[in-house]
Amino acid sequence: MYKVYEIKKRIFDDNDQEAEKVREELKADGTFLINLMSSPGGGKTTTLKRTIDALKEEMRIGVMEADIDSAVDADAISETGAKVIQLHTGGMCHLDADMTRQGLEELGTEDIDLAILENVGNLVCPAEFDTGAVKNVMILSVPEGDDKPLKYPLMFQVSHCLLINKIDALSCFDFDFDACRERVLRLNPDMKIIPISAKTGEGMDEWYGWIREQVKEWKEAGK
Amino acid sequence: MHELGIIVHITKTLQSVAAENNLREIASVTLEVGEVSSIVPDYLTDCWQYYRKKFPLIEHAEMKIEMMPAVTYCESCEKTYPTVEYGRQCPHCGSWETYLVTGDECNIREIEAQ
């Protein structure tokens, strides 16, 4: 005889609990984890390479590259000399907290100050799953258009910092900065917005400053 | 395909519920899915058909999906309106000071099991 059992549970509950555990462990280790998200081709890998080059003398950096397949990005990042591992999601479009934990174990967080998770290029699914990162950072690139916040609201709601990349290409596109800023802040009034060009380096100092501040705060919170 | 990821998480939850209650076989799973939860019910059922075969516990379990309507509340005029039709801007007074009341659910409501 089958019986009815009331469950009344959010489907994301077990992932959210796992994500909290990951954050607690990161705090104890003094490791600041950024979950970096964008569309495919938004400039995640280029931004990351430049960031590592600029900060590698002052903090120990580890990178987890998540892709459905291949190790193209991991190869590119390893040229910077940073510690890097490749995660394959096995066909899935995002990482969850459990996969992040496995990645962190492989990376070894005890001697890492800044860990960066380069999530799968996608603006929908990674927004749904908390990875356990301390802060979510998203990149929106100028060619994608200033109306992205209207199309993918959740991604803008769960992110803490928005890098508007490829500003060196502004003259080729009709990208309205003020309209974009207004749309983003309507969804997320606390969003830190930094316009950058990962290619020319413009605006990158403000981004490095944000990272330095965050890493310092996180280490103090874990003491 | 985040639907597959969602199915993986549903399965994990069902396994722990089964362990707690000594259940051997689940006959059906009823979900509450909000209209604006960004879950596509058809994809979810397809992923379920594929994934359930891996586990004897849920091998024959039917997935039932109940859609929950999306409703938004306006703080300026204190009225509610259907989210899917009007989005974030209140159709009564034009305000943007609105928030979602229901419609982003993604819950397991109940199961039939023995």
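Val84(B) is exposed, since its relative accessible area is 56% and the cut-off for exposed is over 50%. This is a predicted model, so take the values here as computed from it. Val84(B) sits in helix H3 of chain B, which covers residues 83-86.

## A buried histidine

Now for the other end of the scale: His2(B) has a relative accessible area of 3%, so it counts as buried, the limit being under 20%. His2(B) lies in helix H1 of chain B, residues 2-21. An unreviewed UniProt entry gives this residue, His2(B), the feature "binding site".

What does His2(B) touch, apart from neighbours within four places in sequence? From chain A, the contacts are Cys93(A), His94(A), Cys125(A), Glu128(A) and Phe129(A). From chain B itself, they are Ser38(B) and Ile39(B).

## Where the chains meet

The size of an interface is often given as the accessible area lost when the parts come together. For chain A and chain B, that buried area is about 2,600 Å², with 60% coming from carbon and sulfur atoms. On the chain A side, Tyr2(A), Tyr5(A) and Ile11(A) give up the most area to chain B, together 29% of what that side buries.

Counting residues, 25 from chain A are in contact with 30 from chain B. As for charges, the interface has 2 salt bridges. Lys8(A) and Glu32(B) form a salt bridge, with their closest N and O atoms 3.9 Å apart.

Note on methods:
Residues are numbered from 1 along each chain as its sequence is written. Chains are lettered from A and ligands numbered from 1 in the order in which they are written. This is a predicted model: local features need pLDDT of at least 70, side-chain atom pairs count only at pLDDT 80 or more; totals for chains, interfaces and linings use all residues. Side-chain values use heavy atoms; hydrogens and water are left out. UniProt positions are given in the numbering used here, feature names are shortened, and annotations may be inferred rather than shown by experiment. Helices (H or I, at least four residues) and strands (E, at least two) are DSSP runs, numbered from the N terminus. Buried means under 20% relative accessible area, exposed over 50%, partly exposed in between (1.4 Å probe, protein chains only). Contact means heavy atoms within 4.5 Å. Buried area is the accessible area (1.4 Å probe) that two parts lose on being put together, summed over both. A salt bridge is a side-chain nitrogen of Lys or Arg within 4 Å of a carboxyl oxygen of Asp or Glu.
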